Amino acid sequence: MSDGSEILLSIRDLRVEFATEQGVVRAVDGVSFDVHAGETVGLVGESGCGKTVTGLSILRLVPCPPGRIAAGQIEFRGQDLLQLDTRQMRDIRGSRISMIFQEPMTALNPVFTIGNQMVDVLRDHEKMTRRQARTAAIEMLDKVGIPDPAVRIDEYPHQLSGGMRQRVMIAMALSCGPELLIADEPTTALDVTTQAQVLDQIVSLQEEFQMAVILITHDLGVVAEVCSRAIVMYCGSVVENGSIEPLFEQPRHPYTAGLLNSIPRIRDDRLGKLPVIEGMVPDLLQLPAGCRFADRCGRAGAICIESRPQLNDGAGGQTAVACFNPIDVQQ
Amino acid sequence: MEILQYSVRKLIAGIPLVLGVTFISFLLMVYFGPDKTYELLGKNPTPEQIEEVRRELGYDQPFLTRYALYVQEIATLNFGSSESSGELVSSLLARTIPVSIALITPGFVLGNLLGVLFALIAAYHRGSWADKFIMGASAVGMSISFLIAIIAFQIIFSSNFGLGLFPVRGWNVHSFGDYLSYVTVPTLATVFVALGYNTRFYRAVIVEEMTRDHVRTAKAFGTPPARLFYKNILKNSMIPIITRVVFSIPFVVISGSLLIESYFGIPGVGKVTFDAITSGDQPVLKAVVGLTAALFVLAQLLTDILYRAVDPRVSLT
């Protein structure tokens, strides 16, 4: 837990819109949360819930057009990133805030060696000669567990496996000692053993570098393993935000509870039919006026159809929840 | 070493291509091309005279024998003399190919450079008015016939109705100033016609590269725009660009620009080829066809080697 430690990143009422053929879609609608220095936060939700767009917004990488950050503030150490000019933003990217992506196969430039790309990043942000940058890059590759880093550095991305490439991405992302790492499904494209290794790597490096991590994932198991706090998103907004233990043991939002219920448990006596959340995610073009989860929710009442619940403060060791009728915490 | 081995292999593999192209072209030339016999004879020739001219032209030989002779000519690069002017084909080509190259190069280079430039502006401002304007203008440019463009440019720049700045026809080049005055209007016409297609082609290539994951990664690491363009976008677009540019070289060098040369009365290889086709001047045609095929093989080799140079994933095996 990082209670009391200083707030590193504070997102307030973020709204991101995409212009589509059918009309304007709000992929992120009024998202607010804080990230404290040094903590690991999981940003969880199903595909299309806006978690990746939220991550991209922090570095202002939402593709524009068609995307647009329509409203909100993203304060990083008290400075609103949305007010910076492109030059100032470039200085922050890869240096104070880094991001790694889902697809290690395509995320690196195929026509330059990994060394060349790492040296560029280092020299963009630190005063280094080419030789110093190369030494630093080799050191970083060694840290992320690449064997023979002095040889590997001169290889091209296509000569490395997926897991290796993701390690290179991590090495590149951490090379300038960022305060915040945004990891967008860093292990989704990897096989299970590699996933575990890459996750361990992120966790151990996080301790070494004392940075905060926002881990964007749909995998609740991963969140339970590495995060101290989780933010659950549904349909463009945050539905629950809290520390791992209460969130996993006593989820208060019906959606979180539904998600947790639908994780298969191998140790159960027999594998029955997996519980599912009934219904479909609403169309982002035709969002209901009330709670977006209302038509799938067993606890929905009249008020849930009429107005949107706001995220509460979550006082007293409970999770913060955006629900008119949250599940009661059993004492 | 790798490149040398590859080149030798590729050149040997190119021989069937050259043979195929020349065989088909020669077949068409012999059975469907004009017959030169009666052009060379006077009025009322005797059967003996006809016989003799046909023997001189080699028309009396069986087709395969004539084709074998042709292959031998290609191998030795000795195509004999033109049947129209009597000039040696080699000296004819040596005289006209440089003219064609000098004529077409500025337009070729400018057409591609400007194409990339406009494509960049359009691609970087996708969906904006600048993009729409450039794409609209290139569609208009593509739709205007080359002939109309040539005539329009001649009227605008070379006639008394227009600016009257440049000569309408001819190629009387003795200095760089002469060169500029003769090459400007053809160049403008070529660029005008090529630009629309080039811009659309390059825009598609650049837009495709701009939306790649590695471009987003580079942005996420604070890469300055100039390097993002050079290292991520341009370097990765080189394969389609090289393909397009290098494969146009054989046309540019050998066939020249047939329309340009005939409309501007420029004695380049395109005009020579055109005259040879209409008059059935087989030695010249044989040389042009053979050289074009050979240049294609070379262009193919060159593209492969350049691919290797820009993309480490390509291996020459």
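1. How close do the axes of helix α6 and helix α8 of chain B come, and at what angle do they cross? In this predicted model, the axes of α6 (residues 129-143) and α8 (residues 176-210) of chain B come within 8 Å and cross at roughly 135°. That angle makes α6(B) oblique to α8(B), and their crossing is left-handed.

2. From α6(B) come Ile134(B), Ser138(B), Ala139(B), Gly141(B) and Met142(B). Facing them in α8(B) are Phe192(B), Leu195(B), Gly196(B), Tyr197(B), Thr199(B) and Arg200(B). By class, the residues of this contact are six nonpolar, four polar and one charged.

3. Now turn to chain A and its open sheet. Seven strands build this sheet, and the pairing is mixed. Going across, the order is β6-β7-β8-β3-β9-β10-β11 (chain A). At the edges you will find β6 (97-100) and β11 (320-321) of chain A, each of which pairs on one side only.

4. Strand β9 (residues 229-234) and strand β10 (residues 237-243) of chain A are antiparallel and share six bridges.

5. Strand β1 (residues 7-20) and strand β4 (residues 67-76) of chain A run antiparallel, with eight bridges between them. Here Phe18(A) has Gly67(A) in β4(A) as its bridge partner.

6. Strand β4(A) also pairs with strand β5 (residues 79-80) of chain A, again in the antiparallel sense, through two bridges. Glu75(A) is the residue opposite Asp80(A) of β5(A). Together β4(A) and β5(A) make a hairpin with two residues between the strands. In the turn, Arg77(A) has a positive phi of about 50°.

7. Finally, consider how the two chains touch. Which helix of chain A gives the most to the side that touches chain B? The contact involves 25 residues from chain A and 22 residues from chain B. On the side of chain A, α2 (86-92) and α3 (114-125) each supply at least two residues. The most comes from α3(A), which gives four residues. By class, this side of chain A has 13 nonpolar, six polar and six charged residues.

How values were computed: Residues are numbered from 1 along each chain as its sequence is written. Chains are lettered from A and ligands numbered from 1 in the order in which they are written. This is a predicted model: local features need pLDDT of at least 70, side-chain atom pairs count only at pLDDT 80 or more; totals for chains, interfaces and linings use all residues. Two strands pair if DSSP finds at least two bridges between them. Two residues are in contact if their C-beta atoms, placed from the backbone, lie within 7 Å. Ala, Val, Leu, Ile, Met, Phe, Trp, Tyr, Cys and Pro count as nonpolar, Asp, Glu, Lys and Arg as charged, and the others, Gly among them, as polar. Axes are lines fitted to C-alpha atoms, for helices over the stretch in contact, and angles run from 0 to 180 degrees between N-to-C directions. Angles under 35 degrees count as roughly parallel, over 145 as roughly antiparallel, 65 to 115 as roughly perpendicular and the rest as oblique. A crossing is left-handed if the near helix is turned anticlockwise from the far one by less than a right angle, and right-handed if clockwise.
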